[in-house]
Amino acid sequence: MEEINEAELQSESLERLLHLVEMVNNILKDEELLKAISKLVVSEETFLIIDRLPQLIKLIEQLTRQENLEKIELMLSLLQSLDKQMLEKLSNAFKAIKAEEKVKPMSISKMITTLSEPEVSKGLNVMLNLLKALGS
Amino acid sequence: MINMAEKKKFLIVGGGAGGAILANSLVKDFDVTVINDSPYHYYWPQLLQIAFRNDYSNLYRSLSSLLVKGVNLVIDRVKKVDLQDRIVTLSNNKTMNYDYVAIAPGVTIEHKGIDGNEKLVEQYGDFHSTPQNASKVFDVVSNMKKGTFVIAVGDPYHRCPPSPYEGILLADEVFRLRGVRNDINMILAVPYPRAYPAETFNEVLEPILKERGINVMTFFTADKIDTENKKITSLEGEELSYDAAIVVPVHKGPKIEIKPDDAINQDGFINADKFTNQILKYDDAFAIGDASTSANAKTGVTAHLQAKVVSKRVLGLDARNTGRTNCPTELGFEKGTFVISDYNHPAAKVPANTINFIMKRLFADAYWDIIRHPEFWDPIFDVYFENTQPEVLWKLFR
Amino acid sequence: MSEAKKVVDARGLSCPGPITNLTKAYRDAKNGDVLEIWATDPGFKSDIKAWIERTKNELVELREEKDKIIAIIKITAKK
């Protein structure tokens with residue numbers, strides 16, 4: 001009885017193997033599937049990644065060190081806390097500075113009126129708070 | 001060892017995706033017999049591949065090769081199922097009785113349900129009925145040089161909800177590859193208020209149809225076809241001229257007499273509970289897949305999931321259908337998407353891309369193995385279905 | 001042949017269930033018949049209006065009740 005069971009088991013696993021082979025064969029015969037896969041795998045970007053793989057691995061190793069991970073997490077929480085509108089304003093301000101290569105001299109009276117503008121005083125306030133936090 | 005006489009008799013009418021998976025899932029606990037009208041099991045989605053790729057590879061396998069050892073197979077046509085007396089009558093009037101029965105014979109395609117469609121299908125074929133008709137479509141799309149090519153839906157309750165869209169997009173691919181696309185006007189005519197019936201999935205599909213230059217006619221239910229003058233008239237009263245046309249034919253329930261009469265609806269589909277597949281009050285009778293009113297989409301995946309629910313219920317578990325659909329959709333040029341919804345969630349906006357095409361093809365190529373080895377694939381599908389629940393996808397793709 | 005009134009119950013079906021059920025009833029209907037469609041899908045209201053516009057049948061009434069939307073249509077434009 002046991003011998004028969006053994007033989008039966010063997011024939012069953014052989015059959016399972018044959019079915020798996022049939023499936024793999026189906027996949028390998030599927031030209032369009034292989035084309036789609038190779039399109040994904042063989043592209044300019046993937047070649048670049050393969051080319052830079054050693055550097056990437058090194059980078060990932062550094063990034064995943066405990067002390068660096070903690071720093072990255074802090075950076076992320078900082079990023080999340082940032083107000084998007086504020087950032088946009090900031091980047092616009094930088095752009096404006098860049099665009100106006102020649103900064104025109106400003107009279108003191110003009111400067112005082114500019115300082116009293118609510119938008120400007122708000123910005124100054126933010127800057128002061130930031131400086132305070134860094135100093136403490 | 002369990003004595004065969006102790007096992008209860010489970011008859012399964014139909015050896016398609018639902019019937020075969022159910023049989024293979026039950027063989028340990030029941031004395032299972034599958035009755036099928038043909039020695040072959042057809043993978044119907046292959047009709048699209050025949051129609052637009054001339055690829056016959058996955059069309060059929062012998063049913064006996066798909067059933068696990070121990071499942072009995074009878075090749076015969078079932079004439080009648082009497083739920084009251086628990087008797088199944090075969091074509092030669094031989095009868096079989098049962099402790100449990102699952103009816104899963106699929107649909108009957110009725111070209112004559114639309115006036116003129118019998119003639120039309122002789123000319124241009126279709127991709128919902130037979131491999132012969134699908135091969136006619138391939139002749140048409142690989143020879144047409146100019147004119148208007150139409151795919152029209154005559155019956156919204158057809159097999160494989162995305163198939164008309166796959167059809168028109170794959171035809172577009174063929175025309176483009178042959179370099180004749182600019183001379184062919186392509187029209188998709190549908191009964192719905194928009195290109196794809198489900199509004200949410202329409203947001204994925206409509207831009208693709210637009211990009212590929214396919215004209216969509218909404219509220220157009222093909223009703224009459226005048227093959228002399230090459231015109232289709234819709235139920236809504238509009239006309240559409242064509243040079244070549246495919247009209248998705250009317251689908252009816254199986255040609256099996258079922259007693260009592262109220263077990264089937266006016267179109268011959270079997271009235272079954274959408275959660276449990278149970279037929280009326282008969283707790284020993286189930287209807288699975290395309291033949292059953294419980295199938296919210298006529299697809300193999302639905303039949304598969306329903307078979308698993310029934311196989312658990314007869315073992316005393318309270319399994320229920322969620323109405324999950326998982327319709328892989330090919331869009332041509334190695335792109336694909338999935339129509340994934342359930343009773344509680346409309347179809348998610350799964351984006352069209354190459355990864356989804358690869359997933360679709362892997363499913364198709366693994367099809368025979370999935371039927372043969374439910375024990376191997378069940379855990380894989382459990383994980384897949386769990387992680388691609390419409391609820392989850394809705395959060396991912398807004 | 002006498003004119004008939006038929007209720008099409010499409011409650012619980014989300015789009016386009018109600019419209020496809022209506023299409024099915026429309027196939028069997030004749031001019032003069034009245035179809036009453038029950039639906040719960042909120043998209044049904046705009047869909048039914050679009051359907052009426054395209055088919056030129058008559059929308060007798062479209063109202064919302066607690067548990068369903070009811071559209072009453074008189075078939076006048078069938079060829």
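Domain bounds here come from an automatic or database domain assignment. On that basis chain B splits into domain 1 (1–45 + 58–107 + 253–318), domain 2 (109–250) and domain 3 (322–398). The structure is a predicted model, in which local features need pLDDT of at least 70, side-chain atom pairs count only at pLDDT 80 or more, and totals for chains, interfaces and linings use all residues. Residues are numbered from 1 along each chain as its sequence is written, while chains are lettered from A and ligands numbered from 1 in the order in which they are written.

Taken over C-alpha atoms, the centres of domain 1 and domain 3 of chain B are 25 Å apart. Where these two domains meet, 17 residues of domain 1 of chain B are in contact with 11 residues of domain 3 of chain B (contact means that the C-beta atoms of two residues, placed from the backbone, lie within 7 Å). On the domain 1 side of chain B, helix 1 (17–26) and helix 8 (300–313) each supply at least two residues, and helix 1 of chain B gives the most, with five. Helices (H or I, at least four residues) and strands (E, at least two) are DSSP runs, numbered from the N terminus. By class, this side of domain 1 of chain B has nine nonpolar, six polar and two charged residues; Ala, Val, Leu, Ile, Met, Phe, Trp, Tyr, Cys and Pro count as nonpolar, Asp, Glu, Lys and Arg as charged, and the others, Gly among them, as polar.

Now for the sheets of chain B. One is an open sheet of four strands in the order 13-12-11-17, with parallel pairing; two strands pair if DSSP finds at least two bridges between them. Its edges are strand 13 (215–217) and strand 17 (244–248) of chain B, each pairing on one side only. From one strand to the next, the twist averages 15°. Strand 11 (residues 147–153) and strand 12 (residues 184–189) of chain B run parallel and are joined by six bridges, with B:A152 partnered by B:A189 in strand 12. Helix 6 of chain B packs on this sheet, touching strand 11, strand 12 and strand 17 of chain B, and its direction makes about 175° with that of strand 12 of chain B (axes are lines fitted to C-alpha atoms, for helices over the stretch in contact, and angles run from 0 to 180 degrees between N-to-C directions).

Some of these residues turn up again in the largest nonpolar core, which has 82 residues; B:V150, B:A152, B:A171, B:L188, B:A189, B:A245 and B:V247 have the most contacts inside it. Helix 6 (residues 163–178) of chain B gives the most to this core, with seven residues. A nonpolar core is a set of buried Ala, Val, Leu, Ile, Met, Phe, Trp, Tyr and Cys residues joined through C-beta atoms within 7 Å, and a residue is buried if 20 or more other C-beta atoms lie within 10 Å of its own, exposed if 12 or fewer, and partly exposed in between, with C-beta atoms placed from the backbone. Leaving aside neighbours within four places in sequence, B:A245 is in contact with B:L120, B:Y124, B:V150, B:A152 and B:I232. A second, separate core has 52 residues, including B:V32, B:L63, B:V88 and B:A303.

Another open sheet of chain B also has four strands, ordered 8-7-6-19, but with mixed pairing. Strand 8 (95–97) and strand 19 of chain B are the edge strands, pairing on one side only. Here the twist averages 15° from one strand to the next. Strand 6 (residues 78–82) and strand 7 (residues 87–90) of chain B run antiparallel over four bridges, and B:K80 has B:T89 of strand 7 as its bridge partner. The two strands make a hairpin with four residues between them, and B:R86 in the turn has a positive phi of about 55°. Strand 6 of chain B also pairs in the parallel sense with strand 19 (residues 257–259) of chain B, over three bridges. Along that pairing, B:V81 stands opposite B:I258 and B:D82 has B:K259 as its bridge partner.

Chain B also meets both other chains described here. In one interface, 14 residues of chain A are in contact with 13 residues of chain B. On the chain A side, helix 1 (2–29) and helix 2 (31–41) of chain A give two or more residues, and helix 2 of chain A gives the most, with seven. That side divides into six nonpolar, two polar and six charged residues. The contact between chains C and B takes 16 residues from chain C and 13 from chain B. Helix 1 (17–28) and helix 2 (44–55) of chain C are the elements giving two or more residues to the chain C side, which divides into seven nonpolar, five polar and four charged residues.
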